[in-house]
Amino acid sequence: MSSNKLLKLLERKFYKTGQTRGADDDEIYQNRVNRNNTVLIPFNTYNELKTYPYGNPNYENGFIVLIPPEEYFTKKDDIDKSLILGKNMLIFYETREQWNAYNPANYGFRFATSRNNPLGGEFVARVPATTSIQDSSKISLGFTDKTLKGAGIRVYEYASTDIIKRCKLQLEAIFWMCKNADATLLDFGMSNDDEIATRKQKIFEECKKYNLLNFDKLIKQRIINSNRHAICPLCLEELDAHGFFDKVQQAHGREVVDLTVTQLNLFHIRELRVGEFNHAPYNLGWGHHHCNIVVKDSGIYETLDWMRNVIERNDIYDKLSSNC
Ligand SMILES: [Zn+2]
């Protein structure tokens with residue numbers, strides 16, 4: 001692989017960290033888009049989430065508050081005056097009971113057609129099909145067209161352009177801190193050590209400019225170890241840079257590489273959850289795909305507790321069964 005192609009491939013991996021996770025067609029969320037897109041704020045969390053805590057407090061592409069119909073119709077007069085149906089708020093139908101009790105046709109409401117004010121309608125619906133009753137096919141209205149799929153992103157996945165950039169920079173620097181990053185790139189066709197050194201130096205200097213790469217902080221966050229090598233935040237193993245390339249790319253590498261190398265993915269140290277914005281530089285590292293799946297939404301420490309319990313129970317079980 002040429003050096004250029006190789007760098008583009010890596011760039012792509014770093015670029016993708018600025019995108020949201022996937023969403024199915026039936027969901028209300030956009031599928032893998034930039035983290036600075038329009039955010040969807042659940043009505044009951046509006047007060048805590050109406051502003052972004054890092055830098056510019058305004059969401060770069062606005063927000064839409066989603067209110068359940070029963071809340072809208074019973075609390076109408078008490079709703080925050082800054083929230084206006086069709087401008088920055090939509091009624092969100094998720095169940096058949098809601099749809100039947102507050103059918104939008106009875107109020108002359110239309111489904112929304114835009115992510116920006118004016119939203120072109122008053123509601124959006126994602127009601128799943130049910131098999132038990134008649135006339136119960138799924139209801140999917142608003143933001144279903146190919147060109148306008150999904151009303152926005154999950155609010156906790158949001159990050160400003162500036163934060164996305166800082167995260168990306170530091171994540172590349174962490175890649176270069178893999179114990180075998182240089183050797184791996186030479187394996188894959190980067191032409192010489194100079195080229196690698198130049199790229200590395202450039203990234204480290206950029207990070208410095210932005211006040212990033214505080215090593216103590218990175219160690220504390222389980223992103224690197226005291227040898228200043230990148231590690232997996234869950235299992236703490238030093239990362240093998242081959243894991244940044246998928247199997248197809250590996251097969252094209254010049255050297256014979258171990259195809260069982262675990263894939264490496266973006267890893268959130270504190271899990272993403274409503275009420276917190278966790279796409280921030282010191283909350284992000286690289287980790288094994290497998291470890292990422294194990295931690296999922298529960299968090300590293302909770303996962304370690306769970307693992308400890310699993311091991312303990314197994315030890316007890318083994319002891320008891322050996323006496324049988
Ligand atoms: Zn791991």
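This note sets out points on the sheet, the domains and the backbone geometry of a predicted model.

1. Basis. In this predicted model, local features need pLDDT of at least 70 and side-chain atom pairs count only at pLDDT 80 or more, while totals for chains, interfaces and linings use all residues. Residues are numbered from 1 along each chain as its sequence is written.

2. Sheet. An open sheet of mixed pairing holds 6 strands in the order E5-E4-E3-E2-E1-E6. Strands (E, at least two residues) and helices (H or I, at least four) are DSSP runs numbered from the N terminus, and two strands pair if DSSP finds at least two bridges between them. Strand E5 (139-141) and strand E6 (153-154) are the edges, each pairing on one side only. Strand E2 (63-67) runs parallel to strand E3 (89-93) over 3 bridges; Ile67 has Ile91 in E3 as its bridge partner.

3. Domains. Domain 1 covers 38-151 and domain 2 covers 161-302, with bounds from an automatic or database domain assignment. Their C-alpha centres lie 37 Å apart. In contact (C-beta atoms, placed from the backbone, within 7 Å) are 7 residues of domain 1 and 7 residues of domain 2.

4. Cis peptide. The bond from Asn117 to Pro118 is cis, with omega near -5°. Pro118 belongs to the loop between helix H4 (96-101) and strand E4 (123-127).

5. Positive phi. Most residues other than glycine have a negative phi. Leu213, however, has a positive phi of about 60°, and lies in the loop between helix H7 (193-209) and helix H8 (215-220). Leu236, with phi near 65°, is in the loop between H8 and helix H9 (247-252).

Note on methods. Two residues are in contact if their C-beta atoms, placed from the backbone, lie within 7 Å.
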